[in-house]
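Please walk through this model with its sequence and structure side by side.

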Amino acid sequence: MFRRRRPPAPPAPTAARRQDDWRSYDAVADLYERTRAPIHEAPARDLVARIGPPTGGRFLDVGTGTGVAGEAATVAVGPDGLVVGIDPSVEMLRRARRRGVTAVAGEAIDLPFADDTFDAVCASFVIFLFKRYETGLFDMVRVLRPGGRLGVTTWGDRTDEFATVWRETAESFTGPQLLRDARARAAPWEERFSRPDALEQALRDAGLRPVDVERRQYRHTVAVEDYLQGRETSAIGRYLRSTLGESLWNRFRERTREEFRRRFPDPLGDTSDVLMGVGTKG
């Protein structure tokens, strides 16, 4: 089923070296699993349901992370099916394996699979992270069989007061330009794919027909501390921790907690704005 097209990759870097790159999720995998994975679960289930993988089919979860979408796909394809999750973070993949996902370490671009291998493919909250999203989508379509469906989710463009207060507090420690630069490096297409028309066009340009994009809202209740720790696993949070140094990082964390205690109740009633796009390979 799998076709390796390049020599084996070199051994994974040590944990210390991986943590030097603030864009890596390795150092925050446990925290992400506890605080962010639960927020992704409902959109992941809905995405898999919209894709509709066949019972006993082969499903690829690109950028699987801790395997939330892969777990939903495992239920959908049943015991005779196969769900493969690919992600560059070895530590995130360790969590995905616990959810029953067959984990493969690798990048979304130049996927190590033969053409037409999978009955369905998904990418849950990851295409805006690709350096070249066109190449990533092209390769996902390549490994999808004709008639198979590909689905993606991205964050919509609606912001809330919680995110605004957290970001403004972060900017008070670094200035807004540094954070904009860091966000552009880690998630270069996040703003673009917060618009339904841009997401639909990207899927069409990848050769999918028909394409349907819809916006959904997800409500969840979360403790203030869990919300703030979840924010710390984001690209900006990881950048701040890498850049500020221990003393300033601790001051930033104290400041955010002061601001949230002053402004908001605990727990928070939060809403996630999600775009969900699904297309079929001709």
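Aspartate 110 sits in the loop between S3 and S4. Helices (H or I, at least four residues) and strands (E, at least two) are DSSP runs, numbered from the N terminus. The model is predicted: local features need pLDDT of at least 70, side-chain atom pairs count only at pLDDT 80 or more, and totals for chains, interfaces and linings use all residues. Residues are numbered from 1 along each chain as its sequence is written, and side-chain values use heavy atoms, with hydrogens and water left out.

The phi of aspartate 110 is near 65°, a positive value in a residue other than glycine. Its relative accessible area is 27%, so aspartate 110 is partly exposed. Here buried means under 20% relative accessible area, exposed over 50%, and partly exposed in between (1.4 Å probe, protein chains only). Proline 112 lies in the loop between strand S3 (102-105) and strand S4 (118-124). Proline 112 is partly exposed, at 26%.

Phenylalanine 125 also has a positive phi, of about 60°, although it is not a glycine. Its place is the loop between S4 and H6. Phenylalanine 125 counts as buried, at 5% relative accessibility.

Next comes helix H6 (residues 133-142). Seven of its ten residues are buried, so H6 is largely enclosed by the rest of the structure. Those buried are Tyr133, Gly136, Leu137, Asp139, Met140, Val141 and Arg142. They pack against S1, S4, strand S5 (144-155), helix H9 (196-205), S6 and S7.

Leaving aside neighbours within four places in sequence, methionine 140 is in contact with Val62, Leu111, Val121, Ala123, Ile127, Phe130 and Leu150. Contact means heavy atoms within 4.5 Å. Met140 is also one of the residues that touch the most other members of the largest nonpolar core, which has 56 residues. A nonpolar core is a set of buried Ala, Val, Leu, Ile, Met, Phe, Trp, Tyr and Cys residues joined through side-chain atoms within 4.5 Å.

Threonine 64 belongs to the loop between strand S1 (58-62) and helix H4 (68-77). Threonine 64 is buried, with a relative accessible area of 6%. Not counting residues up to four places away in sequence, threonine 64 touches Gly85, Ile86, Asp87, Leu93, Ala96 and Val101.

Now turn to the helices. Which residues of helix H10 (residues 224-232) are buried? They are Val224, Tyr227, Leu228, Gln229, Gly230 and Glu232. Their cover includes helix H2 (29-35), helix H7 (161-174), strand S6 (208-222), helix H11 (235-263) and strand S7 (268-281).

H7 and H8 pack at an angle of about 110°, with their axes 7 Å apart. Axes are lines fitted to C-alpha atoms, for helices over the stretch in contact, and angles run from 0 to 180 degrees between N-to-C directions. H7 and H8 are therefore roughly perpendicular to each other, a term for angles of 65 to 115 degrees. Arg167, Ala170, Glu171 and Thr174 of H7 meet Pro176, Leu178 and Leu179 of H8.

Alanine 186 is in helix H8 (residues 176-186). Alanine 186 is buried, at 11%. Beyond four places in sequence, it touches Trp22, Arg23, Leu129 and Ala235.

Two cis peptide bonds deserve a look. One joins arginine 209 and proline 210, with omega about -10°; proline 210 is in strand S6. Another joins aspartate 266 and proline 267, with omega about 10°; proline 267 lies in the loop between H11 and S7.

The whole structure has 13 aromatic pairs. Rings of Phe, Tyr and Trp (its six-membered ring) pair if their centres lie within 6.5 Å; planes over 60 degrees apart count as edge-to-face. Phenylalanine 162 and phenylalanine 264 pair edge-to-face, 4.8 Å centre to centre with 90° between the planes. Phenylalanine 162 lies in helix H7 and phenylalanine 264 in the loop between H11 and S7, so the pair ties together parts that are 102 residues apart in sequence. Both residues are buried. Ring pairs also link Phe162, Tyr227, Phe260 and Phe264 into a cluster.

How values were computed
Parallel < 35°, antiparallel > 145°, perpendicular 65-115°, else oblique. Phe/Tyr/Trp six-rings, centres within 6.5 Å; stacked < 30°, edge-to-face > 60°.
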